[in-house]
Amino acid sequence: GTRKAKIRLNENYLLDDTVYHEFGHVFVDLLGLDNALVRQALKELKGSTIEKTVTEAYPDLSGARLQKEILATAIGEYLLSKCLQVRLEETHLADR
């Protein structure tokens, strides 16, 4: 059967990338860590600033949980940057 899930965000703790980051968790869970795209992304993130930052921020995480957090962080940052880029382009076009 279909499972229903709710994602709750505490607006007192929202950062610019929170919604995108939480989407990243759902996306990675849907694809699974065995997915070729996920494996490639993890390979590309190996040794990155994101991997280092997440590992330091969550010293209690390891294995699959750490990998998922690294990916969710990367997805959140990427999607935020794309949204900001679109807004900047829209602003630039509006200024013409």
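Here are some notes on the predicted model above, point by point.

1. Ground rules. This is a predicted model, so local features need pLDDT of at least 70 and side-chain atom pairs count only at pLDDT 80 or more, while totals for chains, interfaces and linings use all residues. Residues are numbered from 1 along each chain as its sequence is written, and side-chain values use heavy atoms, with hydrogens and water left out.

2. The structure holds 2 salt bridges, a salt bridge being a side-chain nitrogen of Lys or Arg within 4 Å of a carboxyl oxygen of Asp or Glu. One of them joins D29 to K68, with the closest N and O atoms 3.0 Å apart. That pair links distant parts of the chain: D29 sits in helix α1 and K68 in helix α4, 39 residues apart. Helices here are DSSP runs (H or I, at least four residues), as strands are (E, at least two), numbered from the N terminus. D29 is partly exposed at 47% relative accessibility, and K68 is partly exposed at 29%. For those labels, buried means under 20% relative accessible area, exposed means over 50%, and partly exposed is in between (1.4 Å probe, protein chains only).

3. The K46–E51 salt bridge. E51 also forms a salt bridge, with K46, and the closest N and O atoms are 3.6 Å apart. Buried or exposed, what is E51? E51 counts as buried because its relative accessibility is 18%. K46, on the other hand, is exposed, with a relative accessible area of 64%.

4. The aromatic pair. A pair of aromatic rings is described by the distance of the centres and the angle of the planes. The rule takes rings of Phe, Tyr and Trp (its six-membered ring) with centres within 6.5 Å; planes under 30 degrees apart are stacked, over 60 edge-to-face, and the rest tilted. The count by this rule comes to 1 aromatic pair. F23 and F27 make up a stacked pair, at 5.6 Å centre to centre with 20° between the planes. Both residues lie in helix α1, 4 residues apart, or about one turn of the helix. F23 is partly exposed, with a relative accessible area of 42%, and F27 is partly exposed as well, at 32%.

5. T18 is found in helix α1, which spans residues 18–31. T18 is buried because its relative accessible area is 12%. Its side chain reaches the backbone nitrogen of L15 at 2.7 Å. That is a polar contact: a pair of N or O atoms within 3.5 Å, where within protein one must be able to donate a hydrogen and the other to accept it, and residues adjacent in sequence count only if both atoms are side-chain atoms. Not counting residues up to four places away in sequence, T18 touches L9 and Y13, contact meaning heavy atoms within 4.5 Å.

6. L9 and the nonpolar patch. L9 lies in the segment before α1 and is partly exposed, with a relative accessible area of 37%. It belongs to a nonpolar surface patch of about 550 Å², made by I7, L9, L14, V19, V26 and L30. Patches use residues with over 30% relative accessible area and no salt bridge; like charges are joined within 9 Å and nonpolar side chains (Val, Leu, Ile, Met, Phe, Trp, Tyr) within 5 Å. The areas come from the Shrake-Rupley method with a 1.4 Å probe, and for residues only the protein chains shown count as cover.

7. N35 in the loop. N35 is placed in the loop between α1 and α2 (36–45). N35 counts as partly exposed because its relative accessibility is 25%. A polar atom of the N35 side chain lies 2.7 Å from the backbone nitrogen of L37. N35 and L15 are 20 residues apart along the chain, and their C-alpha atoms are separated by 29 Å.

8. Helix α4. T73 sits in helix α4 (residues 63–94) and is buried, with a relative accessible area of 12%. Which residues does T73 contact, leaving aside its neighbours within four places in sequence? They are H21, I50 and V54. T73 and L61 are 12 residues apart along the chain, with C-alpha atoms separated by 14 Å. K82 also lies in helix α4 and is partly exposed, with a relative accessible area of 34%. K82 and G24 are 58 residues apart in sequence and 14 Å apart in space, C-alpha to C-alpha.
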